[in-house]
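User: I am new to this structure and would like to learn how to read it, feature by feature. Could you take me through it slowly?

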Amino acid sequence: MVVGDISRAIRRVDAVSKCKGTVKYVSDYSFGDCLWGRLVRSSIPRGRILAIHLPPMPDGYRFVTYKDLPEGGHNYLHMIATDWKCFAENEVRYVGETIGIMVGPDKDTVENLRQQIKIDYEEQTPAVTIDEGLACKGGAFVNDDNIHCRLSLKVGDVDEAFRKAAKVVTETIETGFQEHIYLETNGACCIPEDDHYVIYASSQCPFYISKSISPLLNLTPDKVVVRHTTTGGAFGGKEHFPDVVCGPLLVAAYVMKKGVKMIFDREEDIENSVKRHPSKVTFKTALDKDGNILGMDSVVCYNVGGYLSSSFVVLQRGCFHVTGCYSFPSIRSVGLGVATNTFPSCAFRGFGAPQTIFAVETHLCHIAEMLGIDPLEYKSRYFIKQGDTTSTNGKIVERVMIPEMLEQVKKASDYDRKSKAYKWGSGRGIGISFYNHGGAFTGNGEQAIIKARCQLHKFANGDVEILCSQTEMGQGFHTILPKIAAYVLGIPIEKVIFRNPDTSRVPDSGPTAASRSTMIVGELVERAANLMKPRYDKEEDFTVETHYEHPEGYPWDQNTFQGYAYLGYGWGVCAVEVEVDPCTAEITTKGIWSSHDCGHPIDEKIVHGQVNGGVLQGLGWGSTEVMQNTDGHFKQTSMSDYIIPTSMDFPKQGVYLVDNPYPWGPFGAKGMGELVFNGSAAAYIDAVSRAIGKRINRIPLPTEEVMNYMLHGTDLRSEIEEVR
Amino acid sequence: MESRICFSLNGKDVSITTDPLRRLIDVLREDFDCKGVKEGCSEGECGACSILLNGKMVTSCIIPVGAADGQQIMTIEGISATEKGKVIIDAFADGGAVQCGFCIPGMVIATYYLLSNNPDPTEDEIRLGLSGNICRCTGYDLIVESVRLAAKRGGELWKK
């Protein structure tokens, strides 16, 4: 029997082989006699393709386009929405849109030919920013208003709140693009085999790829087998985007009757991959005469880019999280997914929630500071509790341990003293943020859409294999799931096998996304192991299977977005302390402290690593990670001009956890992979605002922007714009 | 134009006839199967392709193979077989340094180089020593802790 609490850290099963460099990523496979592919993409943000001029093609080289699809083939990628074409036909909507794929045996020759392909366009005026999209600059290209998708939420009588208000304030909070910078760039290989195709891909969701690209060749998904290769980081950037990579490879493999592979280099990857949605959230907040909030109205705009793909779901999650960790008497929120001529935005750790959480946290700080109240004191008036109503008129089901987490962070950071001692504008500041993240798919999505299945197989020698579609991309799932199975069965973890999934041999347990893997699939494994346990010593070679079952009594209506959006949230509190150089505006971060509730952790060290990485990625988003796009082209295209944090940019973090077992998770665990991203930027910006005494309402905040705010910003204590 | 280039790779003399302007990373990965040398950025920024050239840490993506002629090269394949390398790898595994793993061979090399030159570094010195190696997963803290653990466990070994 395994002794001790499951939370106690063990060595990750993949640690040593990854250190030695013996783990194979997709670029490490040879794939035998494969051709090379390189995408030919639109160089303009918006227009029509008039002509494509090809150089003379040597034998064995070919330029493959939509015209090469077989009869019945459907030139679309079947993501959540089916609007993104595999190959542009006549119209191009963004720089980097795939027009064709150049293929052939020699990599350099393929690249050389690709560069000789000339495309004539009729250029049209692009709409690049949210404002340009909303203004239909150059004419609407999606519907008649450039709105890809919209939703609205209402809780309580918000109109009455505005009628009764002593004061109504309005302000807009903005966030920018963020690039994932997974250390391993995108890459995949597609090989024809008998009556089917095999895809090897660096990805998060192998079944998504099969479903998305099989219609290109008019095939059923089972004819496109996906073998996941160990993935060197993803963060959402390999949730749907591998479909965009693998679609052209599949068509090329069909045309050439040979395997075709493609590995992006870094510049290609940054310029031509999905990003986090830029956002613009405008609040209108009704206050009574004492400054208490009566109602909050928000318009949440996300820059979706040229195609919808997954963005409606991102926007929904954004709106659901617009009230953060708070319960206000009344709210209204309208979400708009704006069409622009930029690379389509897609999943990135947090999936829409970080933008609205940053916005509401920052807005509350600004109101507090205007009123001359410590932001923590002001925010604490509205902390949400078990049983309170959520933004979708559901209830918070679980105990909310924000008070306990706050105590930990206050004690570790010395918040109370520092918050008083560091006067606004003094060059030092401490900030604090509160955040949450709804675990797993929204509402009844796990039951209605995903329908996860998982199997455990016992072999005669006592080994047990986990069969599911979850992928390892760094988050530790190759350790977490076997640990759960081994712990339940009372066998050493070495006896539990968990391979990279192959869609032809594992059941579909859903995507590795939405902070759902431990919470949902971990529970399926726990339950399967419990079913296996009484038979383990008696029987040889048998399989048990479990299916997801949604707890009863928590209704959700996906048409009206009403009800229980999430049964288990992760919760977080983060404090950040900074010092600002008064001459150069450079910021030195002096301390970072956070506490998180992820239920009962399956492995403390893995959780610790997730906290460190998520918090730092959030700090990068809030500070140095500038990704500009004003004319349809991303300005930052390499790791020397897109600046993510190094080991020297931020100090060691204070990491704290609370134990709050979740009744429907394995051993009480909940989701946490995205939670840990959601709040650090808000704490950082709160700290910098206080240090410089100015109101900051957009991120990222590189040094030149700090200087800009110091010289031209609005004083923290000044009135926020009033509306009547 | 091709030329014959001879160097020592992980303690073994090797030679190759190739274009001397090919990137060292490509020759190591393609011709000598050193797949632990990872390509992250192609411009010497991220450190995933770090190797030791005559004992000094360099990024092999911005070095032409011609520059390796007559030199000594150690890659992760060689380092991981050394006693020092084993201490680092054990410490990384116990310290929780590894997530996606793509930066990790480079981090092991950076640690080897740091501790070989500074057997008992402070936290700031460790952070400086790792600052040429980018990691997007870990936030660095547990890598820094693991380097400290490797320094402690290795003890006298680092002074050899």
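User: How many residues of chain B are in contact with chain A?

Analyst: Please keep in mind throughout that this is a predicted model. As a general idea, the size of an interface is often given as the accessible area lost when the parts come together. Here the description rests on residue contacts instead: 40 residues of chain B are in contact with 43 residues of chain A. On the side of chain B that touches chain A, the helices α2, α3 (83–95), α4 (104–117), α5 (123–129) and α6 (141–154) of chain B each supply at least two residues, and the largest share, 4 residues, comes from α3(B). Sorted by class, that side of chain B divides into 21 nonpolar, 10 polar and 9 charged residues.

User: Which domains does the assignment give for chain B, and how many residues of domain 1 of chain B are in contact with domain 2 of chain B?

Analyst: The domain assignment of chain B gives domain 1 (3–78) and domain 2 (80–159), and the centres of these two domains of chain B, taken over C-alpha atoms, are separated by 21 Å. Where they meet, 15 residues of domain 1 of chain B are in contact with 13 residues of domain 2 of chain B. The touching side of domain 1 of chain B draws at least two residues each from β3 (50–53) and α2 (76–79) of chain B, and by class that side has 7 nonpolar, 5 polar and 3 charged residues.

User: Which domains does the assignment give for chain A?

Analyst: For chain A the assignment gives domain 1 (15–23 + 445–547), domain 2 (31–124 + 180–271) and domain 3 (279–442 + 562–712). The C-alpha centres of domain 1 and domain 2 of chain A lie 31 Å apart, and 15 residues of domain 1 of chain A are in contact with 17 residues of domain 2 of chain A. The side of domain 1 of chain A that touches domain 2 of chain A has, by class, 5 nonpolar, 7 polar and 3 charged residues.

User: In what order do the strands of the open sheet in chain A come?

Analyst: In general, strands of a sheet pair through backbone hydrogen bonds, either parallel or antiparallel. In chain A, 5 strands form an open sheet in the order β9-β17-β16-β15-β10, with mixed pairing. Its edge strands are β9 (147–155) and β10 (167–175) of chain A, each of which pairs on one side only, while neighbouring strands of this sheet are turned by 10 degrees against each other on average, direction ignored. Strands β16 (residues 293–305) and β17 (residues 331–339) of chain A run parallel and are joined by 9 bridges; in β17(A), V334(A) is the bridge partner of V299(A).

User: Which strands of the sheet does helix α8 of chain A touch, and which does α9(A) lie across?

Analyst: Helix α8 (residues 311–320) of chain A packs on the sheet and touches β9, β16 and β17 of chain A, its direction making about 25 degrees with that of β9(A). Helix α9(A) lies across β10, β15 (279–287) and β16 of chain A, and runs at about 140 degrees to β10(A).

User: Why is α9(A) described as largely enclosed by the rest of the structure?

Analyst: The reason is that 17 of the 19 residues of α9(A) are buried. Its length can be checked too: at 1.5 Å a residue, this helix (residues 353–371) of chain A should span 27 Å, and its end C-alpha atoms are 27 Å apart, which agrees. Just after α9(A), G372(A) takes a positive phi of about 75 degrees.

Terms used:
Residues numbered from 1 in each chain as written. Chains lettered and ligands numbered in written order. Predicted model: local features only at pLDDT ≥ 70, side-chain atom pairs only at ≥ 80, totals over all residues. Expected span 1.5 Å × (residues − 1). Buried ≥ 20, exposed ≤ 12 C-beta atoms within 10 Å, placed from the backbone. Domains from an automatic or database assignment. Contact = placed C-beta atoms within 7 Å. Nonpolar A, V, L, I, M, F, W, Y, C, P; charged D, E, K, R; others polar. Pairing = 2+ DSSP bridges. Axes fitted to C-alpha atoms, helices over the stretch in contact; angles between N-to-C directions.
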